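Here are some notes on the model you sent, as numbered points. They go through backbone geometry, packing, ring pairs and pockets in turn.

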Amino acid sequence: MSALTELERRAHAELAACVDAAALRMWHTKYFGDTGAVKLALAQIGKVPKEQRAEYGKEANRVKDALAIAFDAALVKEKDRALERSLTEEVVDVSMPGRNIERGRLHLATRTLREIYSIFADMGFQVYRTREVETDEMNFELLNMPPHHPARDMWDTFHTTTPGVLLRTHTSPGQIHVMREMAPKPVRAILPGMCFRYEQITTRSEIMFQQVEGLAVDQGISMGDLKGAIQAFARRLFGQERKIRIRSSYFPFTEPSIEVDVDCIVCRGKGCGLCKRTGWLEIMGAGLVHPAVLRNGGYDPAKFSGFAFGMGPQRVALLRHGIDDIRLFWGNDLRFLCQF
Ligand SMILES: [Zn+2]
């Protein structure tokens, strides 16, 4: 019993002498560790003569609880002291100027894309993304370009080491994906994304570039619907007074095919450097979906028709901001990017 009294007195005295958290941890190990003094005292209970055992056990447990409570209290006190120390010793100079936080912004290409999305969203088109690595079948064959079709020469393609697998040369394979998912329900979708072509890099062409393609499929869709949609889009993007001009063209996956120009946003048709004295700027290719493509997408061309169009959002940004080099888009030069 006297050993317990001595243990308690010594433990309290040493606890009171602890000056920091490290000392408290050492104290705890010394008394409450696996071979600590308190543990040993409790282990003694079984060895005490039978007539004293109850009294000894009771006292040993009381000492254990008292020391545990004292330790917790000392821990709380130490936390307060540590806070006090940091407040007085680590003085903050509130008059120092703060660190300047650079404000980020979205890339011009992303902003242009989102603007295009929002215009078509108002017309009920939803954004539908598809993969950048495609099969030859999706990229060419199902879009009415069988092997050896001369239209394949319009694109220099990046082929992968897996035969029949390539980097898509246009977003048009998305037409097949979205039609196969939706058929026979109507489709109104915008298909944006990166395309890849093995071309010489110049101020006007890059090996990777974004395209936005649109597709509408339903019963009774006509050239008039296509013209209306394009005109509404061009006026939202380039200004309400814009006129559009339609020229006939050729794409394997549309019939008839057209190219669409908008009257020059700088000279308004009079002729200037931007429009190369023509008064018109080419903005997109379009047409009515070819019956073979409709069939490949799961629609009966006798009942359904559709229109499709495609444009380069980078080209849109070039025209609107007077940018003269398409390579700036992926150059990651902040001097360029910060201007927008
Ligand atoms: Zn012009």
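1. R277 sits in the loop that runs between β7 and β8. The model is a predicted one. Although R277 is not a glycine, its phi is positive, at about 65 degrees. Most residues other than glycine have a negative phi. R277 has a relative accessible area of 63%, over the 50% cut-off, and so counts as exposed.

2. N332 also has a positive phi without being a glycine, here about 55 degrees. With a relative accessible area of 60%, N332 is exposed.

3. Most peptide bonds are trans. The bond joining A183 and P184 is cis, with omega about 5 degrees, and P184 belongs to the loop between α7 (173–182) and β4 (187–196). The bond from E255 to P256 is cis as well, with omega near -5 degrees; P256 is part of strand β7.

4. P256 comes up again in the surroundings of M223. Residues up to four places away in sequence aside, M223 touches P256, I258 and L288. M223 is in helix α8 and is partly exposed, its relative accessible area being 29%. The C-alpha atoms of M223 and G306 are 8.9 Å apart, although 83 residues separate the two along the chain.

5. Which residues have the most contacts inside the largest nonpolar core? They are F120, F233, I283, M284, F307, F309 and M311, in a core of 35 residues. At least two residues of this core come from each of α5 (108–122), β5, α8 (223–238), β7, β8, β9 and α10. The biggest contribution is that of α8, with seven residues. There is also a second, separate core of 24 residues, with L143, W155, A189 and V289 among its members.

6. Apart from neighbours within four places in sequence, F309 is in contact with F120, I190, V212, E213, G214, L226, M284, G285 and A286. F309 is also part of a cluster in which ring pairs link F120, F125, F233, F307 and F309. F120, F233, F307 and F309 are among the residues with the most contacts inside the largest core.

7. The whole structure has 14 aromatic pairs. In one of them, W27 and F32, the ring centres are 6.1 Å apart and the planes meet at 45 degrees, so this pair is tilted. W27 and F32 are both buried. The pair F329 and W330 is tilted too, because its planes are at 55 degrees, with the centres 6.2 Å apart.

8. The largest pocket has a volume of about 1400 Å³. It is lined by 48 residues, of which E282, I283, M311, G312 and R315 are the closest to its centre. I283 and M311 are also among the residues with the most contacts inside the largest nonpolar core.

9. Several elements contribute to the lining of the largest pocket. At least two lining residues come from each of β5 (208–218), β6 (244–249), β7 (254–263), β8 (280–289), β9 (305–311) and α10 (313–321). The most come from β8, which gives seven residues.

10. The second largest pocket has a volume of about 210 Å³. E102, R103, G104, R105, L106, H107, L108, L334, L337, C338 and F340 form its lining. These residues divide by class into six nonpolar, two polar and three charged.

Key
Residues are numbered from 1 along each chain as its sequence is written. This is a predicted model: local features need pLDDT of at least 70, side-chain atom pairs count only at pLDDT 80 or more; totals for chains, interfaces and linings use all residues. Side-chain values use heavy atoms; hydrogens and water are left out. Rings of Phe, Tyr and Trp (its six-membered ring) pair if their centres lie within 6.5 Å; planes under 30 degrees apart count as stacked, over 60 as edge-to-face and the rest as tilted. Buried means under 20% relative accessible area, exposed over 50%, partly exposed in between (1.4 Å probe, protein chains only). On a 1 Å grid over the protein atoms alone, a cavity is a set of points where a 1.4 Å probe fits but cannot get out, and a pocket is an open set with protein on both sides within 12 Å along at least five of seven lines; lining residues have an atom within 4 Å of a point. Grid points are joined across faces, edges and corners, and a volume is the space filled by probe spheres set on the points. Helices (H or I, at least four residues) and strands (E, at least two) are DSSP runs, numbered from the N terminus. Ala, Val, Leu, Ile, Met, Phe, Trp, Tyr, Cys and Pro count as nonpolar, Asp, Glu, Lys and Arg as charged, and the others, Gly among them, as polar. A nonpolar core is a set of buried Ala, Val, Leu, Ile, Met, Phe, Trp, Tyr and Cys residues joined through side-chain atoms within 4.5 Å. Contact means heavy atoms within 4.5 Å.
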